[in-house]
Amino acid sequence: GALFMVASVVPCVHENPFAFCALASAGFIRASSEQILVRSSDTGPYAAAGIRLGVGWPLTERLVLSAHADVSAPLPRQKIQIYEINTEKWENAWTAPAVFGLMGICLVAHY
């Protein structure tokens, strides 16, 4: 299994109703193998950079419904490897995509 723990900084420029943002993320990825011959686990750093584009719809004077799309690239691309006993080599089990996307919706309260 794998676990990502990530925090992001997202500074934005708002031009109503749009938002244009930079995206910087950092954290860690933990991977473990449980149902193969050699059990193992490891934790390593994770970082990514990208952009966020958003749009907001005012619901009330203080509430805005906001939707966004992110495009990011991991720095560097992470790999999860397992040791292949037959070939006595480490083999890639998973490699992070070069670019990935995320979409979200949130409710923003201004006070």
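**Reading the features**

Tutor: Let us begin with one cysteine: C106 is partly exposed, with a relative accessible area of 33%. Buried means under 20% relative accessible area, exposed means over 50%, and partly exposed lies in between (1.4 Å probe, protein chains only). This is a predicted model, in which local features need pLDDT of at least 70 and side-chain atom pairs count only at pLDDT 80 or more, while totals for chains, interfaces and linings use all residues. Residues are numbered from 1 along each chain as its sequence is written, and side-chain values use heavy atoms, with hydrogens and water left out.

Student: How many disulfides does a search of the whole structure find, and which residues does a disulfide join?

Tutor: The search finds 1 disulfide. C12 and C21 are joined, with an S to S distance of 2.0 Å. The torsion about their S-S bond is about 105°, so the disulfide is right-handed. As to accessibility, C12 is partly exposed at 32%, whereas C21 is buried at 8%.

Student: How is an aromatic pair read, and how many are found in the whole structure?

Tutor: Rings of Phe, Tyr and Trp (its six-membered ring) pair if their centres lie within 6.5 Å; planes under 30 degrees apart count as stacked, over 60 as edge-to-face and the rest as tilted. The whole structure has 2 aromatic pairs. In the pair of F4 and Y46, the ring centres are 5.4 Å apart and the planes stand at 80°, so the arrangement is edge-to-face. This pair links distant parts of the chain, with F4 in strand β1 (residues 2-9) and Y46 in strand β4 (residues 40-58), 42 residues apart. Strands (E, at least two residues) and helices (H or I, at least four) are DSSP runs, numbered from the N terminus.

Student: Is Y46 buried or exposed?

Tutor: Y46 is buried, at a relative accessible area of 9%, while F4 is partly exposed at 40%. The rings of F4 and W94 have centres 6.5 Å apart and planes at 70°, so this pair too is edge-to-face. Since W94 lies in strand β7 (residues 89-95) and F4 in strand β1, the pair ties together parts that are 90 residues apart in sequence. W94 is partly exposed, at 33% relative accessibility. F4, Y46 and W94 form one aromatic cluster.

Student: Which residue forms a salt bridge with R52?

Tutor: A salt bridge is a side-chain nitrogen of Lys or Arg within 4 Å of a carboxyl oxygen of Asp or Glu. The structure holds 1 salt bridge. The partner of R52 is D70, and their closest N and O atoms are 2.6 Å apart. R52 lies in strand β4 and D70 in strand β5 (residues 63-74), so the pair ties together parts that are 18 residues apart in sequence. D70 counts as buried, at 5% relative accessibility.

Student: Which residues form a nonpolar patch on the surface?

Tutor: Patches are made of residues with over 30% relative accessible area and no salt bridge: like charges are joined within 9 Å, and nonpolar side chains (Val, Leu, Ile, Met, Phe, Trp, Tyr) within 5 Å. Accessible areas come from the Shrake-Rupley method with a 1.4 Å probe; for residues, only the protein chains shown count as cover. Here V13, F18, F20, I51, L53, V71 and V99 form the patch, with about 660 Å² of accessible area together. The elements that give two or more residues to the patch are β3 (18-33) and β4. V71 lies in strand β5 and is partly exposed at 43%.

Student: Where are P17 and P76 placed, and what kind of peptide bond joins N16 and P17?

Tutor: P17 is in the loop between β2 (12-15) and β3, and a cis peptide bond with omega of about 5° joins N16 to P17. P76 is in the loop between β5 and β6 (79-84); a cis peptide bond joins L75 and P76, with omega about -10°.

Technical notes: A disulfide is a pair of cysteine sulfur atoms within 2.5 Å.
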